[in-house]
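Keep it short and grouped by topic.

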Amino acid sequence: MYRLLALCWLCCGVAAAENCPLVRIVPERLPDLTMPRSGHSIFYVNGELTVTGGHTTNFVTTPTAEYFADGEWHPMTMAYSHDNGFAIVLRSGEVIIGGGHNEPLGIGQTFMMERYTPATHAFEGFGCLDRRRVLASATQMGDGRVIISGNHYAADAIGCYDGRSQVEHVKDVVQARSNPYIFRTADDDAIILSGNDQYDKHPDTVWADRVKGDAFRVPLLEQWRPVYFDLPFSSDACSTGDCTYLLSVTDKSGQLGIVVLRDTTFSLLPTASPIPMLGPYGPVAYKGPIIVDSQRQRGYMMGVDSLYHHQYILAIDYAQQPAALTLYYTDSIAQATTTIPVLTPDGDLMLVGGNPNTNYKPLSCVWLYHFGTEQQAAAYKWPVGLWWLVALTGVGILAYNIYHRRRRENGAVVDVPVVEDIPTDDKDTDLMERICLIMDEEQLYLRCDLKLQDVAVRLNTNSSYVSECINSIRSQSFSQFVNTYRVRHAQELLRQQPDMKTATVAANSGFSTETSFFRNFKAVTGMTPREWVGSLQS
């Protein structure tokens, strides 16, 4: 009955989407945080996914942080909690964290600021803001200064941190805001705007304040209001490059739109189809800013269904004219969330903690959505009328897991499996031999930025031919093929030096991040690096 109801919703959703593809995606569940969190900041720094501050169960602020390494979360102690504060990763590699609620239950604001040094995992309180702030935003300018603006149920202004212990007042704002966007338009100038004032109300007139120069009205944003989200985020995540940003907006009917900001000009982004407001499981509630992967020229916006049972991700291929849209959705998952995602160096999305629908019971779950890595191949359109294929795949995965579990229980060392070539024509076989030859002799896989195009150019052929050849003969995507080499190299390093740090093994094997190394190592061997080294010694 449930599947029939879901199918009905899907049919309605397809009609509403008007040719916008609806694609099922299966997220990967990573180890949970050491504690449930919301109102926290999330960022990548020094190759580590890091979470700072926020509040935990019962809406109690927590002056703690944690970073992900070796397949697990490592707790740290902060100077302050910064629940709904801001965090900005500086070009120096340090992180400045400031503001937040000064009491549980989301009450009050603070002056507090602290510095996080990733190399030593150390926090240090060092100064104070120009005023008590919560739900403020910050961005680093081209000249090195950090501009701070925004507040909640308190006065707002523009402040500047220039490396000293105090944030200096720059100027008052024409329109006070909560959790504003700060969009850099020049090395020494930025636009500041939001759809909500400091009391969470929609002003009749939307103004954009500027660090330099006078504020100005934005008539388009009076018809299309910026989507508001009451969690910390960095406006830099919305940048497509060259002072161009994507901004999620809604009209009075609730229809979602996308505004492009170039320098100081606002315009609607033409899309190949209307943004779908209905998914396979009912209406989609979109939440938060558009997170941009400028390398792949794609933006992402999160959404949930009304019961928080299903996660939605709207993908926007903004380089196409008009922009192509795809709505990804999950089956029912435990603990769908409205937290703002973080983009990984691999081009994947991670959802870490957040709220389902109450501040008193935040989540500790961590979901990884594979968009930039080979796992995206697991996403497929539904329904396709091939349920037998899904069943066979599930049986295969179950058999694979049972096999490796029994080998681990018997103390066997699981090495990278050798994939036998599937018979094909001579041209494919010859090309595959050439691919393997340059991989073995030149160790191209040790380049963390290796792309399919690089291999194709090296072999004087085209990317499609290389990709199809690998897929046909090895039954792997290009990423899977390369990562198999990387894992094999990592195994050799660990055989020689079992005590080598995981981060060092990852870097020396061609992985861009420790998280990517851990995930691929376990996918190939069925074990974590630590478990695999232990099996060598048993």
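Thr515 sits in helix H9 (residues 514–525); helices (H or I, at least four residues) and strands (E, at least two) are DSSP runs, numbered from the N terminus. The model is predicted: local features need pLDDT of at least 70, side-chain atom pairs count only at pLDDT 80 or more, and totals for chains, interfaces and linings use all residues. Residues are numbered from 1 along each chain as its sequence is written, and side-chain values use heavy atoms, with hydrogens and water left out.

- Thr515 is buried, at a relative accessible area of 5%. Buried means under 20% relative accessible area, exposed over 50%, and partly exposed in between (1.4 Å probe, protein chains only).
- Thr515 is in contact with Tyr44 and Phe68, leaving aside neighbours within four places in sequence. Contact means heavy atoms within 4.5 Å.
- Ala456 belongs to helix H5 (residues 452–458). Ala456 is buried, with 0% relative accessibility.
- Beyond its neighbours within four places in sequence, Ala456 is in contact with Thr461, Asn462, Ser463 and Val466.
- Ala456 and Val466 are ten residues apart in sequence; C-alpha to C-alpha, they are 6.4 Å apart in space.

**Aromatic pairs**

- Rings of Phe, Tyr and Trp (its six-membered ring) pair if their centres lie within 6.5 Å; planes under 30 degrees apart count as stacked, over 60 as edge-to-face and the rest as tilted. The count by this rule is 17 aromatic pairs.
- Tyr153 and Tyr199 form an edge-to-face pair, because their ring centres are 5.2 Å apart and their planes stand at 85°.
- Tyr153 lies in the loop between strand S14 (146–149) and strand S15 (157–161), and Tyr199 in the loop between strand S18 (189–193) and strand S19 (207–210), so the pair ties together parts that are 46 residues apart in sequence.
- Tyr199 is partly exposed, at 39% relative accessible area.
- Tyr181 and Phe183 are stacked, because their ring centres are 5.1 Å apart and their planes are at 25°.
- Tyr181 is buried at 3% relative accessibility. Phe183 is buried at 0%.
- One aromatic cluster is formed by Tyr181, Phe183, Phe233 and Tyr245.

**Charges over rings**

- A charge sits over a ring if NZ of Lys or CZ of Arg is within 6 Å of the ring centre and within 35 degrees of the ring normal.
- Arg29 lies over the face of Trp367, 5.0 Å from the ring centre.
- Arg115 lies over the face of Phe126, 4.2 Å from the ring centre.
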